[in-house]
Amino acid sequence: MIKAVLTNFLDITSCFLGSGYRIRQNDNKTEIIDSEDDNADSIDKIADEIKVCRNCSLGSSRTNAAPGEGALNPLVMVIGEGPGEEEDRQGRPFVGKAGQLLDKMLASISLSRTTNTFIANVVKCRPPKNRDPYPEEAAACAHFLERQITLLKPKYILASGRVASQTLLKTSENIGKLRGRCFDLAAGNDTYPVLCTYHPSFLLRDESYKRPAWEDLKLLRSKLDS
């Protein structure tokens, strides 16, 4: 009797495994899951890859990579240039003084990283002494960022600062000329509208630019509302 039950169980298990399913054990629980799930891209999968990436020199000098964080069905995806000291320590984007200002800026137009915004950077590891990322470093991270955009499908992308704006749009125009205009960015099979504004760290150094930055935010809000 026991032998017959065991044989039947093994037959069923073999059927599952042969049909593209596999067994996963987690916390003393056994699950039968679709093996194709392992091949599906996801924000978590990209983050795991970023954390072990050594495709450029930044991978060996970082403390922690900062893959990105926020809502998984965002209205807006904010893209900055790269992690700073505090971001490198925590492994999260925009959490220092500039990040605190960014959160206030987003809140002023009803956006938040906890509900409707995803925040990431062009490069996922801190450049030494917060220098601008080199082109080859941005290129090494480009496929991570494109996959994030493709998965998240934001309604709008807000490029934060000169480096992010120039890198995304492949231009050498300065941020003063790029802001206030709408551009198209191709990612995957889709095109996403991009607005540019000043980086919060720049606004902390020169508060006279807070007024034009506010105009950029109002433009973004009006685009979302329309």
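Helices (H or I, at least four residues) and strands (E, at least two) are DSSP runs, numbered from the N terminus. Contact means heavy atoms within 4.5 Å, and axes are lines fitted to C-alpha atoms, for helices over the stretch in contact, with angles from 0 to 180 degrees between N-to-C directions. The model is a predicted one, in which local features need pLDDT of at least 70 and side-chain atom pairs count only at pLDDT 80 or more, while totals for chains, interfaces and linings use all residues. Residues are numbered from 1 along each chain as its sequence is written, and side-chain values use heavy atoms, with hydrogens and water left out.

The description begins with the sheet. Six strands form an open sheet of mixed pairing, in the order β3-β5-β4-β6-β8-β7; two strands pair if DSSP finds at least two bridges between them. At the edges lie β3 (69-70) and β7 (182-187), each of which pairs on one side only. Strand β7 runs antiparallel to β8 (residues 190-197), and 6 bridges join the two. Within this pairing, Asp 184 has Pro 193 in β8 as its bridge partner.

Two helices lie across strands of the sheet. Helix α6 (residues 135-152) lies across β4 (76-80), β5 (117-121), β6 (156-160), β7 and β8, and runs at about 170° to β4. Helix α7 (residues 162-169) lies across β4, β6, β7 and β8, running at about 130° to β6.

Aromatic side chains come next. Rings of Phe, Tyr and Trp (its six-membered ring) pair if their centres lie within 6.5 Å; planes under 30 degrees apart count as stacked, over 60 as edge-to-face and the rest as tilted. A search of the whole structure finds 3 aromatic pairs. One of them joins Tyr 198 and Tyr 209 edge-to-face, at 5.0 Å centre to centre with 65° between the planes. This pair links distant parts of the chain, 11 residues apart: Tyr 198 belongs to the loop between β8 and α9 (200-205), and Tyr 209 to the loop between α9 and α10 (210-225). Tyr 209 also forms a tilted pair with Phe 202, at 4.8 Å centre to centre and 55° between the planes.

Burial is classed by relative accessible area (buried under 20%, exposed over 50%, partly exposed in between; 1.4 Å probe, protein chains only). Tyr 198 counts as buried because its relative accessibility is 8%, whereas Tyr 209, at 30%, counts as partly exposed. Phe 202 is partly exposed, at 25%.
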